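This report covers selected local features of one structure.

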Amino acid sequence: QSTARIVKKAPPYAERFEDEFPRALDIHRRAKKLLNSLFADVRIGKSLDVDETKRTVTMMVDSVLSNPDALVLLASMSNKSDDLAAHAITVCSLSIAFGRYIGFEKDELIDLGMGALLHDIGETKLPEELLSNINEASNDARALLQSHTSMGAMILQNLKGISERAVAIARDHHERADGTGYPRNLTDPEIDAFTKIVSIVDTYDSVTSGTHGKEKISTDEALKCLYSWREYLFDPLLVEKFIQCIGIYPLGSVVELHSGHIGIVIASQPDIRLFPKVMLILDEDRNPVEPPQMMNLALFRDKAETNDYEVKWLVNAEEYGIDVRKFILRELPLG
């Protein structure tokens, strides 16, 4: 019930995906440059630039408020398996998009984005060899890894311009509703709603990208896992809203249509997630479509005579040798 009170109706998209994409690309590049510099400074004991960080997050919020698909698509293309900055940007982008979906105001989205962008700032104080493969770490090493939440909160809590919400996100994003999380074994009523949002997004991105040497899983398997965990690890309503927000065909995923064509999901409207806009790149015989074709499946959803232009299922991009990032940056409009 407490969560239901914060959920409101999202505003309509103010810009078309095609119009927002160039701005989102500039913002994404700026954010990546900022995060690399920021994390490098914190590693050597320098203070992070709060004003510049907030400016970047505000730009990300403005882009998401206009049309969230552009920035979320760019974030989904990043190689996050061994890149703290890329993971931070993805969690930030998805968290802001999720917050928008459940009706957060701009100032709330900025607080949420700041916490999401800096949620793993404590990991900058840990040995890189520990972060590369946690599967083979000792109990002492795992305990050290878990300390990143407390260290992150310590880094942020004395900085002017960092909200208490952002500090709580850094400290508590590994807390779980049933009290099995860390560092304080909080239970559901004790965890702030903003932290609950970042916890869900952080888990989703971690398991789909294989952070810290873990084996990654597909987006549909990740959503199934989140749904099964909703009653004891996460807030059930927020999990359901997150799944609705990103859809069962998340942006950047590769799908096969009933026609046999293979395409990349590049945009979708919140009320028709089953019929996204896709970039067709392989035909039914698995030959390249040159040039790739943009197809809005929503235009075909009422065509009773055929289901050729409906998504059949998600496919593994690696099995088809598809470099999603290459296609997106080569084919999408840049202004």
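## Helix 1

Helix 1 has a kink of about 30°, centred on Arg23. The bend at a residue is the angle between axes fitted to the seven residues ending there and the seven starting there. Helices here are DSSP runs of H or I with at least four residues, strands are runs of E with at least two, and both are numbered from the N terminus. The model is predicted: local features need pLDDT of at least 70, side-chain atom pairs count only at pLDDT 80 or more, and totals for chains, interfaces and linings use all residues. Residues are numbered from 1 along each chain as its sequence is written, and side-chain values use heavy atoms, with hydrogens and water left out.

Helix 1 covers residues 17-43, and its 27 residues should span 39 Å at 1.5 Å a residue. That expected span is 1.5 Å times one less than the number of residues. The end C-alpha atoms are 37 Å apart, which agrees. After helix 1 comes Gly45, with a positive phi near 95°.

## Helix 4 against helix 5

Helix 4 (residues 84-101) packs on helix 5 (residues 106-117) at an angle of about 155°, and their axes are 8 Å apart. Axes are lines fitted to C-alpha atoms, for helices over the stretch in contact, and angles run from 0 to 180 degrees between N-to-C directions. The two helices are therefore roughly antiparallel; angles under 35 degrees count as roughly parallel, over 145 as roughly antiparallel, 65 to 115 as roughly perpendicular and the rest as oblique.

Helix 4 and helix 5 cross in a right-handed sense. A crossing is right-handed if the near helix is turned clockwise from the far one by less than a right angle, and left-handed if anticlockwise. Contact means heavy atoms within 4.5 Å. On helix 4 the contact residues include Ala88, Ile89, Val91 and Cys92, and on helix 5 they include Leu109, Leu112 and Gly113. By class, this contact has nine nonpolar, three polar and one charged residues. Ala, Val, Leu, Ile, Met, Phe, Trp, Tyr, Cys and Pro count as nonpolar, Asp, Glu, Lys and Arg as charged, and the others, Gly among them, as polar.

The crossing of helix 5 and helix 9 is right-handed. Helix 5 contributes Glu108, Asp111, Leu112, Met114, Gly115 and Ala116, while helix 9 contributes Arg165, Ala166 and Ile169. The contact has five nonpolar, one polar and three charged residues.

The axes of helix 5 and helix 10 come within 10 Å and cross at roughly 50°, which makes helix 5 oblique to helix 10. This crossing is right-handed. Glu108, Asp111, Leu112 and Ala116 of helix 5 meet Phe194, Ile197 and Val198 of helix 10. These residues divide into five nonpolar, no polar and two charged.

## Backbone exceptions

Tyr182 and Pro183 are joined by a cis peptide bond with omega of about 15°. Pro183 is in the loop between helix 9 and helix 10 (193-209). Asn185 lies in the loop between helix 9 and helix 10, and has a positive phi of about 55° although it is not a glycine.

A cis peptide bond also runs from Glu290 to Pro291, with omega near -10°. Pro291 is placed in strand 4 (residues 288-296).
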